[in-house]
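Dear colleague,

Please find below the structure that I am handing over to you. My notes on it follow directly after.

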Amino acid sequence: MKRSEITLAIFADYSKAFDTIDFYILLQKMHQLNFSTDFLHWIFNYLSTRQHFVQIDSQHSSFLTSKYGVPQGSILGPVLFNLCVAEMSKITPSSECIQYADDSTLYRSCKIKDKNSCIKQLENDISSLSKWSVENNLVFNSSKTKFMIFSSQQLSKYHHLKDDNFNINCDENTIERVEQFKILGILFDEHLKLKVQLDKTLKSCYSTLAILKKLKRYTSEKLRKQLVESLILSNIDYCNNLYFDLPNYQKDRITKLQQSCAGFIYKRYGTIEDVLKLKWLLFNERIDFANSKIIFKGLFDEKTPSYLKLQIQEQARLLRNNNNNATLVFQDKREDKSSFLEYANKIYNDLPVAVKQEKSLTKTISMLKKHFYDKSLARSLS
């Protein structure tokens, strides 16, 4: 977007992906990944001896041995599926490929004038992916596969992208264009604005709160707090790292939800003071706290993915107004400055020196929570 480009993204759909994995194809791929023979025997035994049946009321069918599929709901199921599709990104060399289990997204960015070439390359990649899926016993569903055009609002308006007839074809089907798409539980729109996601989250949370209020007379204060934290606050905390760029009036909508939850717990009209009395961070600080954890894990946690690894870059020269400041950068070089980095630098430089000097990640997170709780408290009093 900062380079005035559009991004074409295709969201590949697989039908019953976990259920169609062929045992022998999986073992062959694991052998190519250098798993030991003993381990492959163990995995084959784990998969091949499973049985299933169908039950309706008290009647059930005879047992049948499962010939395909990795067990869902297990720890190994997603791992084995990921091993089976690990080579997917190599099948689509012209596009970037993002995978999470059976959720796969192909995308390419380009200038408006190069859109036809970009579409052609995406069509070649999605066709290759469809052919590869057939060869690996995966059911690629081209009729349910969608695509979206990401762009800035200004670019979209200037070039009339909403009215432009973009056609991407696969398996003799024209892939449907959508204006919104849910990726791993987050609803994105064409301009990467999260208002629609926030609206959906608020609607879900208030519906849950309405149901809980019917139980208010039959529950203790402690139980009401546990219910709110597990059923509502967990919802607003899910991927709240993404909300850092939201305008304050949108963030205030979540703060009002927190007040309503506090009112439910205390059986009265909820206030910000009630929210803080429950030791909850206000939503602004919840976002900052969540992202601060990512920052410190990026700096000090060896298990952090390489694309989130951060390092502190020394200042080229010290000025009176920045002699205590540091600049965070990603370890792998990015083409342009990320808005997350701009935000991360501000958050990091506003932290107390004691927090930045602490080397234990566990203690750092505890200190961060206290710091942001104090910020919530100070903001409520201002």
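Is C205 buried or exposed? With a relative accessibility of 0%, C205 counts as buried; here buried means under 20% relative accessible area, exposed means over 50%, and partly exposed lies in between, with a 1.4 Å probe and protein chains only.

Two remarks on the source are needed before the findings. The model is predicted, so local features need pLDDT of at least 70 and side-chain atom pairs count only at pLDDT 80 or more, whereas totals for chains, interfaces and linings use all residues. Residues are numbered from 1 along each chain as its sequence is written, and side-chain values use heavy atoms, with hydrogens and water left out.

Overall view

The chain has 382 residues, of which 42% count as buried. Its C-alpha trace spans about 65 × 65 × 50 Å along the principal axes. The secondary structure comprises 14 helices and 17 strands; these are DSSP runs numbered from the N terminus, helices being H or I of at least four residues and strands E of at least two. Among the contacts with a separation of 6 or more, 64% are between residues 24 or more positions apart, a contact being heavy atoms within 4.5 Å.

The sheet

An open sheet is formed by five strands in the order β7-β8-β1-β10-β13, with mixed pairing; two strands pair if DSSP finds at least two bridges between them. Its edge strands, β7 (96-100) and β13 (176-177), each pair on one side only. Strand β10 (residues 146-150) runs parallel to β13 and is joined to it by two bridges. K146 has E176 as its bridge partner in β13. Across β1 and β8 (103-110) lies helix α5 (residues 115-135), which runs at about 155° to β8; axes are lines fitted to C-alpha atoms, for helices over the stretch in contact, and angles run from 0 to 180 degrees between N-to-C directions.

The nonpolar cores

The largest nonpolar core has 54 residues, and V228, I232, W280, I295 and Y348 are those with the most contacts inside it. Such a core is a set of buried Ala, Val, Leu, Ile, Met, Phe, Trp, Tyr and Cys residues joined through side-chain atoms within 4.5 Å. Helix α9 gives the most to this core, with seven residues. Another core, of 43 residues, lies apart from it and includes I10, A12, L80 and L122. In soluble globular proteins, nonpolar side chains tend to be buried together.

Neighbours within four places in sequence aside, I295 is in contact with L310, L328, F340, A344, I347 and Y348. Of these, F340, A344, I347 and Y348 are among the buried residues of helix α12. Helix α12 (residues 339-349) is largely enclosed by the rest of the structure, because eight of its eleven residues are buried. The elements covering those buried residues include α11 (283-300), β16 (310-313), β17 (327-330), α13 (353-357) and α14 (361-381).

Cysteines

How many disulfides are there? The count comes to zero, a disulfide being a pair of cysteine sulfur atoms within 2.5 Å. For C170, the nearest cysteine sulfur is that of C97, 14 Å away. C170 is buried, with a relative accessible area of 1%. For C205, the nearest cysteine sulfur belongs to C261 and is 7.1 Å away.

Individual residues in loops

N240 lies in the loop between α8 (221-237) and α9 (248-266).

R50 is found in the loop between α2 (37-48) and β3 (51-52) and is partly exposed, at 32% relative accessible area. Although R50 and T65 are 15 residues apart in sequence, their C-alpha atoms are 5.9 Å apart. Beyond its neighbours within four places, R50 contacts L64, T65, S66 and P71.

S4 is in the segment before β1 (6-12) and is partly exposed, at 42%. E172 lies in the loop between β11 (169-170) and β12 (173-174) and counts as exposed, at 83% relative accessibility.

With kind regards
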